[in-house]
Amino acid sequence: MAQPLLKKDDDRDEEVEYSPFMGIEKGAVLQEARVFNDPQLDARRCSQVITKLLYLLNQGETFTKIEATEVFFAVTKLFQSRDIGLRRMVYLMIKELSPSADEVIIVTSSLMKDMNSKTDMYRANAIRVLCRITDGTLLTQIERYLKQAIVDKNPVVASAALISGIHLLQTNPEIVKRWSNEVQEAVQSRAALVQFHALALLHQIRQNDRLAVSKLVTSLTRGTVRSPLAQCLLIRYTSQVIRESAPNTQTGDRPFYDYLEGCLRHKAEMVIFEAARAITELSGVTSRELTPAITVLQLFLSSSKPVLRFAAVRTLNKVAMTHPMAVTNCNIDMESLISDQNRSIATLAITTLLKTGNESSVERLMKQITNFMSDIADEFKIVVVDAIRSLCLKFPLKYRSLMNFLSNILREEGGFDYKKAIVDSIVILIRDIPEAKESGLLHLCEFIEDCEFTYLSTQILHFLGIEGPKTSDPSKYIRYIYNRVHLENATVRACAVSTLARFGAVVDTLKPRIFVLLKRCLYDGDDEVRDRATLYLNTLGGDGSVVETDKDVKDFLFGSLDVPLLNLETTLKNYEPSEEPFDIASVPKEVKSQPLAEKKAPGKKPTGLGAPSTGPVSTVDAYEKLLSSIPEFAEFGKLFKSSAPVELTEAETEYAVNVVKHIFDRHVVFQYNCTNTIPEQLLENVTVIVDASEAEEFLEFATRPLRSLPFDSPGQTFVAFEKPEGEPTVGKFSNMLRFIVKEVDPTTGEAEEDGVEDEYQLEDLEVVAADYMIKVGVSNFRNAWESMGPDFERIDEYGLGPRESLAESVNAVINLLGMQPCEGTEAVPQNSRSHTCLLSGLYIGSVRVLVRLQFGIDGQKEVAMKLVVRSEDESVSDAIHEIVASG
């Protein structure tokens with residue numbers, strides 16, 4: 001059929017593309033495969049059928065066992081043909097079919113014959129196929145041939161053997177490791193690919209021996225590697241050795257740095273770039289070490305090859321994150337790349353310039369970027385927006401030009417992610433640069449006039465409600481907000497009503513005007529909008545006079561919610577209407593509301609609490625009911641927190657035991673969930689003997705044994721300890737499971753009368769400081785921080801010592817305190833040198849705690865931390881600092 005005619009300037013997306021495989025079906029191709037059995041083979045037709053079979057296999061089509069076997073046996077008959085092209089297709093087909101062990105023997109003799117053929121192409125491909133389908137037994141038979149192939153004069157054969165060795169190393173490492181001498185000889189080969197593959201295999205053989213890798217690098221860096229590909233590999237291995245070894249203590253020089261610097265003068269561009277990148281990625285790299293690498297990357301910026309320009313600018317972009325001053329010499333070259341035809345190169349050049357530019361160059365950069373933004377895709381625009389935000393925070397005095405730029409691009413066409421990135425940037429600038437607040441809020445107000453994204457409109461309205469009342473003239477924002485009540489969908493209208501009410505609550509002079517607007521909202525077509533307007537009119541004072549709004553009303557309407565929404569929803573669903581009103585204090589404050597039962601592997605792990613059913617009941621509620629039903633624990637008072645189960649046994653052991661720590665004000669109860677995994681045994685009088693010699697402040701109070709523990713029927717035994725009231729007492733406990741074991745008759749299922757007393761050692765258990773803290777999130781950390789006030793604020797600085805990264809330090813402190821990270825601040829950007837983390841929690845005694853952590857890391861990987869704590873109790877703020885100091 002003739003192709004439709006296309007105009008020269010037609011969009012390529014509209015072109016009709018023809019695929020030779022269009023519409024092929026497995027059944028039809030299997031019928032075609034019968035040509036493999038013809039007495040007179042047609043090599044060309046057979047090759048076409050194999051191509052179709054390979055296409056089906058690579059598209060995910062599955063062949064049944066019978067189909068695969070029939071195709072395999074038919075393909076083996078094609079070894080009769082002497083056509084080289086067809087023979088290569090046969091090799092590919094056998095590799096793809098991966099025949100079973102009993103079928104492999106059919107082709108083994110043909111492949112071994114080809115492996116010793118005079119045709120080098122046969123030899124190379126036969127080696128690849130044999131090594132792909134063979135097992136360890138056959139491999140020992142052909143090992144001698146493989147060793148010979150590694151040192152073969154033909155580079156195609158040698159490379160095939162080496163690549164096969166790399167694959168076989170995963171399944172038969174002991175056999176491949178015996179080839180070290182031959183592989184070492186191949187490393188000296190003059191053929192580029194052979195040297196490359198030999199070096200890769202030799203490194204993999206020795207990779208678990210650091211000393212052997214170091215010796216390999218030392219011997220090869222003396223100039224025996226000629227292949228550029230092998231040189232690139234060697235540079236990577238050298239970088240690994242440098243990372244694992246310390247600098248020379250006398251001179252401060254790194255081992256092998258001279259070799260990397262020497263590679264910067266290599267003839268091959270790929271080697272030069274690999275060496276430059278390796279130098280820039282050295283940990284704690286100094287400006288002196290960076291200089292030669294930056295110089296060669298600068299030369300690449302003016303290369304005629306787009307791939308070199310892209311590689312250089314991307315590497316410089318990464319360097320600019322940690323060493324912006326080292327890259328400033330390249331700024332003139334990078335400015336010329338802003339107009340590069342490759343938009344990826346232009347975007348990286350822009351973002352790098354924004355990181356390295358000085359205050360005087362901001363205006364010029366903005367003019368260049370303005371022309372550039374319309375030509376790039378949204379994903380690149382987001383990268384530019386993030387870089388502009390960072391630049392504005394770096395040079396706050398330039399906020400006007402940068403804010404104007406952001407507002408201009410906000411009005412242009414773009415997708416949701418792009419618009420969200422701009423809005424987020426403006427919000428951050430408003431929060432961090434006080435002078436930018438009023439102009440930034442007006443830009444956001446103008447944007448929501450034509451915003452097509454409901455999510456962004458609601459977020460901006462919410463932000464306006466927080467920041468707008470604090471400005472010098474809050475009344476100028478009212479028009480923009482009220483317009484949303486008339487012109488938007490129900491979700492945005494409801495949010496606009498809440499924002500208006502917030503203005504009325506905070507700005508007393510605006511209250512009468514706000515009340516007029518809220519009364520008009522009572523006739524809205526949406527019930528949510530009407531309900532909100534009614535609530536705000538009644539709680540703020542129905543007459544709308546100019547009076548100060550009561551603080552409790554403000555907290556009720558606009559304060560941060562102290563309980564997770566999921567927990568509130570669950571508790572409301574379980575609430576049964578009665579004369580007593582719903583009490584929000586009954587909602588658990590734990591962040592995760594898990595199902596009652598602990599996760600249980602089939603027949604091994606114990607399930608949860610036994611008695612209550614699994615359902616949408618919070619863990620704390622269920623545990624509290626269980627513990628209060630036990631007479632020994634009924635007088636302990638309100639349960640503060642229950643931990644997640646801690647495993648005390650390995651998987652697949654005779655008895656599976658985990659423990660849940662229940663924290664009360666003056667007591668700690670250990671609930672041991674036990675499961676007997678041996679069908680022929682019944683355990684009776686099961687208890688856990690707890691040794692508290694390493695927990696001196698704990699005094700054993702009561703024990704509740706488990707009367708009977710049949711096979712695969714979980715049960716619980718409890719041990720309670722008394723501790724100092726309200727104190728975050730910590731300690732380590734040794735545990736021994738003690739029980740009477742009775743044999744069970746497998747036919748009748750009855751246990752013998754007499755039993756034997758036995759013991760089973762369990763893992764140790766620790767009560768840590770985090771057990772006295774409940775993770776409680778806050779919707780707006782800044783508001784919560786300001787409302788908490790500085791009365792009981794405590795500030796101190798700590799050295800955390802050498803760490804691998806900032807992320808490791810942040811996670812360690814979060815785990816130590818057991819608090820909830822807020823606003824996504826637990827995520828540390830890659831290569832970041834400083835980070836701020838915000839935490840929230842509820843301390844024992846139901847005391848709210850907020851923590852602001854500021855981390856910094858220097859070139860020697862030493863981490864310093866500033867800890868600022870605010871709480872409702874002075875002693876709690878001090879206790880948090882004590883936990884960090886002792887942790």
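**Domain arrangement and nonpolar cores of the predicted model**

The C-alpha centres of domain 2 and domain 3 are separated by 34 Å in this predicted model. The domain assignment of the protein places domain 2 at residues 623–767 and domain 3 at residues 772–886, and it also gives domain 1, at residues 478–562. Between domain 2 and domain 3 there is contact, in which 13 residues of domain 2 meet 8 residues of domain 3.

In an unreviewed entry, UniProt assigns residues 622–767 the feature "domain: Coatomer gamma subunit appendage Ig-like subdomain". In the model, residues 622–767 are 53% strand and 5% helix.

The interior was examined next. In soluble globular proteins, nonpolar side chains tend to be buried together. The largest nonpolar core of the model comprises 193 residues, and Phe36 and Leu354 are the residues with the most contacts inside it. Helix α28, which covers residues 490–506, is the greatest contributor to this core, supplying 9 residues. Another core, of 63 residues, lies apart from the largest one and includes Val657, Phe670, Leu806 and Val810. The surroundings of Leu354 were also listed. When residues up to four places away in sequence are left out, Leu354 touches Leu365, Met366 and Ile369, together with Val384, Ala387, Ile388 and Leu391.

Cysteine residues were considered separately. A disulfide is a covalent bond between the sulfur atoms of two cysteines. With a cut-off of 2.5 Å between cysteine sulfur atoms, the count of disulfides in the model is 0. Cys46 has a relative accessibility of 1% and therefore counts as buried, the limit for this class being under 20%. Cys674 is likewise buried, because its relative accessible area is 1%.

Thr328 provides an example of a loop position. This residue is located in the loop between helix α18 (324–327) and helix α19 (331–336). The relative accessible area of Thr328 is 25%, so the residue is classed as partly exposed. The side chain of Thr328 makes a polar contact with the backbone oxygen of Met325, at 2.7 Å. Thr328 and Asp432 are 104 residues apart in sequence, and their C-alpha atoms are 26 Å apart in space.

Note on methods. Residues numbered from 1 in each chain as written. Predicted model: local features only at pLDDT ≥ 70, side-chain atom pairs only at ≥ 80, totals over all residues. Heavy atoms only, no water. Core = buried A, V, L, I, M, F, W, Y, C linked by side-chain atoms within 4.5 Å. Buried < 20%, exposed > 50% of the residue type's maximum accessible area, 1.4 Å probe, protein only. Helix = DSSP H or I, 4+ residues; strand = E, 2+ residues; numbered from the N terminus. Contact = heavy atoms within 4.5 Å. UniProt positions renumbered as here; feature names shortened; annotations may be inferred. Polar contact = N/O pair within 3.5 Å; in protein donor to acceptor, adjacent residues only side chain to side chain. Domains from an automatic or database assignment.
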